[in-house]
Amino acid sequence: MPESEQEKLTYHLAELRKTILSIIICLIILFPLGYLVAPYCIDFLIKWSFSGKELSLNFFTPMEVFLVNLKTAFVIAFIFGFPYIIYKIWKFLLPALYDKEKNFLKTAVLCSGFLFILGAAICIGFVLPLIIKFSISFMTDNIKPILGISNFIGLAGWLILVFGLMFQFPIAIYFLVKFGIVPVETLKEKRPYVIVILLFMAALVTPPDVVSQLLLFIPTYLLFEAGLFFSSFNN
């Protein structure tokens, strides 16, 4: 490997290390805040998701609730730190930007943060209650649910992150087209493949029920179409 390529590789590895380190420091700083508000967030999620249902959550090990608070604190820290995290990632991936493009990057980061919050809000507002309702629908006189706090919060935290990240589709598509990585015509032609991939991803990251899978697939596909529209408009 020529010396110039070695230097370039070393530089990129150093920048990657700085990016990862800055993201970790961001999460560490926000984690105590997340831990302070975690009990209130857990209480809200339980009351909202189980509203009108005479059910209670249980814990089965002495440290379970403490570990649930830690997991919730991490999710909260990630949500609050997401705009900074996505900014650092895009800044690493697109280092050689002109001033105009850097200004656009700042706008894209704001839009990305908004879409992440929107996805998380849809998950909390609609998806979680529907999943709980669907699960409880199997209850009979002889079959009673005993729900664990760890399982519920683990599911809720995972779905919130998944919905927030999947809602980044328009931003990713816009960047792919804007920087000439993939032509918008190619993306339009590959719609059937995109649908299959999105359906597969929705089935992979959501519980094994059609309701939650469709609730993730439909808005994600609509956002994909929105990304194509804006990419075509500004191309």
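This is a predicted model: local features need pLDDT of at least 70, side-chain atom pairs count only at pLDDT 80 or more; totals for chains, interfaces and linings use all residues.

User: In what pattern do they follow one another along the sequence?

Analyst: Read along the sequence, the pattern is α-β-α-α-β-α-α-α-α-α. The C-alpha trace of the protein chain spans about 70 × 40 × 35 Å along its principal axes.

User: What percentage of the residues in the protein chain is buried?

Analyst: A residue counts as buried when its relative accessible area is under 20%, and as exposed when the value is over 50%. Of the 235 residues in the protein chain, 37% are buried.

User: Which residues of the largest nonpolar core touch the most other members?

Analyst: This core has 53 residues, and those touching the most other members are F78, C123, F152, I153, L159, F163 and L216. At least two core residues come from each of α1 (3-49), α2 (64-93), α3 (99-136), α4 (149-166), α5 (169-178), α6 (184-189), α7 (191-205) and α8 (210-234). The largest share, twelve residues, is supplied by α3.

User: What does I153 touch, leaving out residues up to four places away in sequence?

Analyst: With those left out, I153 touches I42, L45, V68 and T72. Take T72 next, a residue of helix α2. T72 has a relative accessible area of 8%, so it is buried. Beyond its neighbours within four places in sequence, T72 is in contact with A38, I42 and I153.

User: Which residues of α7 are buried?

Analyst: In α7, the buried residues include V194, L198, A202 and V205. They lie on the same side of α7 because they cover an arc of only 85 degrees around the axis. On the other side of α7, Y193, V196, F200 and L204 are exposed. As for length, α7 has 15 residues and reaches 21 Å from its first C-alpha to its last, close to the 21 Å expected at 1.5 Å a residue.

User: And α5: which residues are buried there?

Analyst: In α5, P170, I171, I173, Y174, F175 and V177 are buried. Just after α5 comes G180, with a positive phi of about 70 degrees.

User: Where is F59 placed?

Analyst: F59 is in the loop between β1 (57-58) and α2. Sequence distance and spatial distance are separate things to check here. F59 and S150 are 91 residues apart along the chain, and their C-alpha atoms are separated by 7.2 Å. Not counting residues up to four places away in sequence, F59 touches E64, V65 and I149. For the protein chain as a whole, take the contacts between residues at least 6 apart in sequence: 85% of them join residues at least 24 apart.

Conventions. Residues are numbered from 1 along each chain as its sequence is written. Side-chain values use heavy atoms; hydrogens and water are left out. A nonpolar core is a set of buried Ala, Val, Leu, Ile, Met, Phe, Trp, Tyr and Cys residues joined through side-chain atoms within 4.5 Å. Buried means under 20% relative accessible area, exposed over 50%, partly exposed in between (1.4 Å probe, protein chains only). Helices (H or I, at least four residues) and strands (E, at least two) are DSSP runs, numbered from the N terminus. Contact means heavy atoms within 4.5 Å. The expected span of a helix is 1.5 Å times one less than its number of residues. The arc is that of the directions from the helix axis to the C-beta atoms.
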